[in-house]
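Here's a quick briefing to go with the model. Have a look at the structure first, then read on.

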Amino acid sequence: MIGGILPMVLIFGIMYFLLIRPQQKKMRDLKAMIGALRRGDRVVTAGGIIGLVSKVEEDNTVEIEIAQGVKVKVVKATITQVLSKTEPVA
């Protein structure tokens, strides 16, 4: 009985440490990055648009300036990467 259960437990343990745990850490880091967005940050969206955050709104949207005078609103969850951070105002 133990001989049949032990390999399954080992396989699940290996899968947890190689797949599930790193994915959870990546999602936690992404959520923290999105929560720390500020005006002036340079970001990349899931669609590949690179822009400068001009306004962070409370309703889970961000206004991004993609060219001079061209601003678009995107959902915070679509931001995949922050290229450069601005320093907090003292």
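Leaving aside neighbours within four places in sequence, which residues is Val53 in contact with? Val53 is in contact with Arg38, Arg39, Gly40, Asp41, Val43, Val62, Glu63 and Ile64, where contact means heavy atoms within 4.5 Å.

Before going further, some ground rules: this is a predicted model, with local features needing pLDDT of at least 70 and side-chain atom pairs counting only at pLDDT 80 or more, while totals for chains, interfaces and linings use all residues. Residues are numbered from 1 along each chain as its sequence is written, and side-chain values use heavy atoms, with hydrogens and water left out.

**Core**
- The largest nonpolar core has 8 residues: Leu37, Val43, Val53, Val62, Ile64, Val74, Ile79 and Val82.
- A core here is a set of buried Ala, Val, Leu, Ile, Met, Phe, Trp, Tyr and Cys residues joined through side-chain atoms within 4.5 Å.
- Two or more residues of this core come from each of β3 (61-67) and β5 (79-84); strands (E, at least two residues) and helices (H or I, at least four) are DSSP runs, numbered from the N terminus.

- Ile11, for one, sits in helix α1 (residues 2-35).

- Val75 belongs to strand β4 (residues 70-75) and counts as partly exposed because its relative accessibility is 45% (buried is under 20%, exposed over 50%, partly exposed in between; 1.4 Å probe, protein chains only).
- Val75 and Val62 are 13 residues apart in sequence, with 6.2 Å between their C-alpha atoms.
- Glu57, in the loop between β2 (50-56) and β3, is at 13% relative accessibility, so it counts as buried.

**After β5**
- Thr86 is in the segment after β5 and is partly exposed at 23% relative accessible area.
- Thr86 and Gly40 are 46 residues apart in sequence but 5.9 Å apart C-alpha to C-alpha.
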